[in-house]
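I am keeping these entries as I look through one structure, and I write down what I looked up and what I found. The sequence and the structure come first.

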Amino acid sequence: MPEYNSAVLHELLAGCLQRNRRSQELLYKQFYGYAMSICLRYTRSREEAKEILNDSFLKVFTKLESYDTERSFKTWLSRIIINTALDHYRQEIRRDVFENVEFAENVSVDETVISRLSHEELMGLIQKLTPSYRIVFSLSVIDGYTHEEIAEQLGISVGASKSNLSRAREKLREMLSKINIDDYDRVTR
């Protein structure tokens, strides 16, 4: 449902505010693809993404009265999804250690390899990153958060955010190089 069709969206939201199950179902179905694409950026698997997606919609339905109808619903929804993913990540953080480095350099990535990848292949590579690298990479590169904002959200230093982004890029570069080598091997056989 395009955001510009505000009459239909307004009707669905009004039904959700009244706890109408059909309205909730329609809102969920309408924004499922959009919401799932965000969830997949922050998770290792589709199952984990579904868990975050469902938790996010539960929050949407229980906190809908706080939504400001003067603002974009998609923006509000994406904030809930990202925050839910971060909450999920914080629960998992005990298993992963952030490394704090004061200076992190940017790592270049071969743009020709990236241009040949499908969206699904690129998301698959991002999902292979460790949780700390994946979260910082998604927040910074995809969602446009600053290192200061990331540090505040995750309770880490700005240096750790920069380090994790740099290392995420390096890991992605390594994975992309392997794809390049595999492609070269197939051509030369």
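At what angle do helix 1 and helix 2 pack, and how far apart are their axes? Before answering, I note that this is a predicted model.

**Entry: helix 1 and helix 2**

I looked up the pair and found that helix 1 and helix 2 pack at an angle of about 130 degrees, with their axes 8 Å apart. Angles over 145 degrees would count as roughly antiparallel and those from 65 to 115 as roughly perpendicular, so helix 1 and helix 2 are oblique to each other. I also noted that the crossing of helix 1 with helix 2 is left-handed. On the side of helix 1, the residues in this contact are L9, L12, L13, G15 and C16, and they meet S23, Q24, L26, L27 and F31 of helix 2. Sorted by class, this contact has 7 nonpolar and 3 polar residues, and no charged ones.

**Entry: the loop between them**

I then turned to R19, which lies in the loop between helix 1 and helix 2. Most residues other than glycine have a negative phi. R19 is not a glycine, yet I found that R19 has a positive phi of about 65 degrees. Is R19 buried, partly exposed or exposed? Its relative accessibility is 46%, and because this falls between the cut-offs of 20% and 50%, R19 counts as partly exposed.

**Entry: the whole protein**

The protein has 189 residues, of which 41% are buried. Among contacts with a separation of 6 or more, 69% are between residues 24 or more positions apart.

In soluble globular proteins, nonpolar side chains tend to be buried together. Here I found that the largest nonpolar core has 49 residues, and that those with the most contacts inside it are L27, V60, L64, F73, L139 and L154. At least two residues of this core come from each of several helices, including helix 1 (6–17), helix 2 (21–41), helix 4 (73–92) and helix 9 (158–188). Which helix gives the largest share of this core? I found that helix 4 does, with 9 residues.

**Entry: helix 4 and helix 7**

I next looked up how helix 4 packs with helix 7, and found an angle of about 160 degrees, with the axes 11 Å apart. Because this angle is over 145 degrees, helix 4 is roughly antiparallel to helix 7. By class, their contact has 6 nonpolar residues, 1 polar residue and no charged ones. The residues that meet are I82, L86 and Y89 in helix 4 with P131, S132, I135 and L139 in helix 7, and the crossing of these two helices is left-handed.

**Entry: two single residues**

I looked up T130, and its place is in the loop between helix 6 and helix 7. T130 has a relative accessible area of 33% and is therefore partly exposed. The C-alpha atoms of T130 and T43 are separated by 9.7 Å, although these residues are 87 residues apart along the chain.

S163 counts as buried because its relative accessibility is 2%. S163 and Y133 are 30 residues apart along the chain, and their C-alpha atoms are separated by 9.0 Å.

How values were computed
Residues are numbered from 1 along each chain as its sequence is written. This is a predicted model: local features need pLDDT of at least 70, side-chain atom pairs count only at pLDDT 80 or more; totals for chains, interfaces and linings use all residues. Side-chain values use heavy atoms; hydrogens and water are left out. A nonpolar core is a set of buried Ala, Val, Leu, Ile, Met, Phe, Trp, Tyr and Cys residues joined through side-chain atoms within 4.5 Å. Buried means under 20% relative accessible area, exposed over 50%, partly exposed in between (1.4 Å probe, protein chains only). Helices (H or I, at least four residues) and strands (E, at least two) are DSSP runs, numbered from the N terminus. Axes are lines fitted to C-alpha atoms, for helices over the stretch in contact, and angles run from 0 to 180 degrees between N-to-C directions. Angles under 35 degrees count as roughly parallel, over 145 as roughly antiparallel, 65 to 115 as roughly perpendicular and the rest as oblique. A crossing is left-handed if the near helix is turned anticlockwise from the far one by less than a right angle, and right-handed if clockwise. Contact means heavy atoms within 4.5 Å. Ala, Val, Leu, Ile, Met, Phe, Trp, Tyr, Cys and Pro count as nonpolar, Asp, Glu, Lys and Arg as charged, and the others, Gly among them, as polar.
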